[in-house]
Amino acid sequence: MPSVTGLLLLSFFCTTRVTSLCTTNLSTSRPIHPDHDVIIVGGSICGLATAVALKTQLSPINAQIYERATSLKKNGALLSLFPNGMTALQNILGDLHTSRDPKRTLWDILNQQSVPLQQTIIKEVLTGQVTDERVVKSVDKTNEGKSPGRFILWYQLQSILLEALKAAPLADENENCMSLGCEFQSYSFDNSTGLIRATFKATTDTGEINVEKTCRLLIGADGIRSTLRPLISRSGPTPQIRSYKRIIFRSLVDATGIAPEFIPSTGTAVVYKSVTNVGQIFKLQPCSEAKTIALTATASTEDTEEVVRQWQSNEAISNWKKMFSDFPRNVLDLIDLCPSVFTNCVSDLQIDDKVASPTLCWSNGDEPVVLVGDAVHGMTPSLGQGANVCMEDAIELAMILKHTCESETADASIRDLTPAQVMRTITLLQATRNERVVGIHRSSRNQASMKLSGDSSLKSYQEENEIFFRRLYEWTPKSNADKQN
């Protein structure tokens with residue numbers, strides 16, 4: 001696989017200033033030429049998916065990502081791609097081809113690099129005895145033959161989206177796709193020009209400078225701790241981030257260092273559960289990369305933030321062993337194979353209930369600014385829907401924006417829209433997405449709570465689980481105001 005950072009021409013930093021801006025009533029006149037058609041804050045999976053979706057649906061469009069990190073690094077997380085995420089990605093990638101093999105599409109590459117989940121085997125950790133074996137299958141006969149879920153390494157999906165961004169049509173020959181080392185600071189809207197001005201603090205070889213860029217549409221894809229969200233949620237709900245008092249650790253190990261009998265077969269996840277410590281889980285899962293095993297460990301803790309800080313130090317391995325000290329030697333041997341500094345450690349977040357209120361804060365309703373992904377609807381990671389739903393957002397936004405352009409003229413682009421028309425697109429996105437996202441958010445919270453309380457065998461949990469997965473199978477992107485159940 002080529003270097004992730006080598007897949008894109010990263011843009012240079014400039015200090016072009018624009019005139020002072022003021023805010024009045026929303027204009028119905030077309031804006032002047034900005035630096036970019038669209039600015040996306042955040043270059044993670046959500047930001048990348050949004051940029052690719054806009055380019056495949058609305059070519060030509062100048063969509064620029066501004067990312068706080070100064071480099072793109074491999075992330076050891078294993079992502080779950082449920083049917084809704086796969087459907088979204090198929091629409092996002094379209095027929096884009098990889099530059100390495102013009103005969104193969106990036107969708108083909110995605111299917112090659114992702115692994116289907118066919119069964120889960122649950123074992124009691126001390127004895128190794130199998131306590132449950134679940135064959136994963138479709139939720140009903142209408143979906144027979146469909147993969148109920150696939151798994152891909154986070155950096156593999158990142159690499160595919162980066163290559164898609166590179167392969168997508170450029171709005172002009174000087175266009176770059178992403179600016180690294182740019183931390184979002186603030187924005188303002190000028191009604192007289194119809195433009196958003198976004199301010200970033202950019203890290204350069206000579207130090208930090210302020211960068212100001214203008215655009216027609218500003219998209220916040222910068223995650224649960226979004227810096228853009230507080231600026232637009234003046235009247236909307238602000239997430240109060242708490243924890244379920246669980247911590248999730250993830251890493252990749254070289255399977256050549258693992259006893260063969262301890263390695264699951266492809267498509268099988270093996271879960272070791274502690275009998276004495278409820279909620280303590282150790283999962284092994286093969287990846288598409290040869291001889292690579294993804295490890296996911298979950299443990300209960302009173303102070304998740306302190307544990308995260310401790311585990312982002314050179315004491316990570318010893319901390320991990322202490323937390324799983326009652327697990328057998330073969331599990332502890334796996335911990336020894338992990339990187340000495342373990343950085344992929346997250347809290348199992350419990351998002352405040354009011355974030356899943358009937359009306360999420362997608363925008364403030366007054367300016368062409370919109371949030372997508374975890375920035376607007378943070379999900380607990382326990383059910384793996386965060387990335388899937390953010391990719392739904394990405395393709396829905398792009399399709400609705402395309403529909404708005406086509407309703408203007410057959411060959412219209414975002415450059416032909418007024419700020420009022422862009423705002424109507426955002427309103428339509430909220431009407432299309434809100435009810436569905438709230439439903440998935442509620443299902444995720446309910447199932448996470450049931451798991452923690454040990455109620456996962458109850459009929460109520462099983463019924464909730466079936467409703468949840470049916471939502472995933474039945475979703476298709478829409479570009480109209482019809483709400484999805």
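A crossing is left-handed if the near helix is turned anticlockwise from the far one by less than a right angle, and right-handed if clockwise. By that convention, α1 passes α10 in a right-handed crossing.

This is a predicted model, in which local features need pLDDT of at least 70, side-chain atom pairs count only at pLDDT 80 or more, and totals for chains, interfaces and linings use all residues. Residues are numbered from 1 along each chain as its sequence is written, and side-chain values use heavy atoms, with hydrogens and water left out.

**Helix packing**

Helices (H or I, at least four residues) and strands (E, at least two) are DSSP runs, numbered from the N terminus. Axes are lines fitted to C-alpha atoms, for helices over the stretch in contact, and angles run from 0 to 180 degrees between N-to-C directions.

| Helix pair | Angle | Axis distance |
|---|---|---|
| α1 (45-57) and α10 (386-408) | about 25° | 8 Å |
| α3 (106-113) and α4 (154-167) | roughly 175° | within 11 Å |
| α2 (83-93) and α3 | about 150° | 9 Å |

Angles under 35 degrees count as roughly parallel, over 145 as roughly antiparallel, 65 to 115 as roughly perpendicular and the rest as oblique. The α1 angle to α10 therefore makes this pair roughly parallel. Helix α3 is roughly antiparallel to α4. Helices α2 and α3 are also roughly antiparallel to each other.

Contact means heavy atoms within 4.5 Å. From α2, M86, L89, Q90 and L93 touch L106, W107, L110 and N111 of α3. That contact holds six nonpolar, two polar and no charged residues. Here Ala, Val, Leu, Ile, Met, Phe, Trp, Tyr, Cys and Pro count as nonpolar, Asp, Glu, Lys and Arg as charged, and the others, Gly among them, as polar.

Towards α4, helix α3 uses L106, I109, L110 and Q113. Their partners in α4 are Q156, L157, I160, E163 and A164. This contact has six nonpolar, two polar and one charged residues.

In α1, the contact residues include I45, C46 and A49; among those they meet in α10 are C390, M391 and K402. The α1 contact with α10 divides into 13 nonpolar, two polar and one charged.

**Cavities**

A cavity is a set of points, on a 1 Å grid over the protein atoms alone, where a 1.4 Å probe fits but cannot get out; lining residues have an atom within 4 Å of a point. Three cavities of 30 Å³ or more are counted.

Terms used:
On a 1 Å grid over the protein atoms alone, a cavity is a set of points where a 1.4 Å probe fits but cannot get out, and a pocket is an open set with protein on both sides within 12 Å along at least five of seven lines; lining residues have an atom within 4 Å of a point. Grid points are joined across faces, edges and corners, and a volume is the space filled by probe spheres set on the points.
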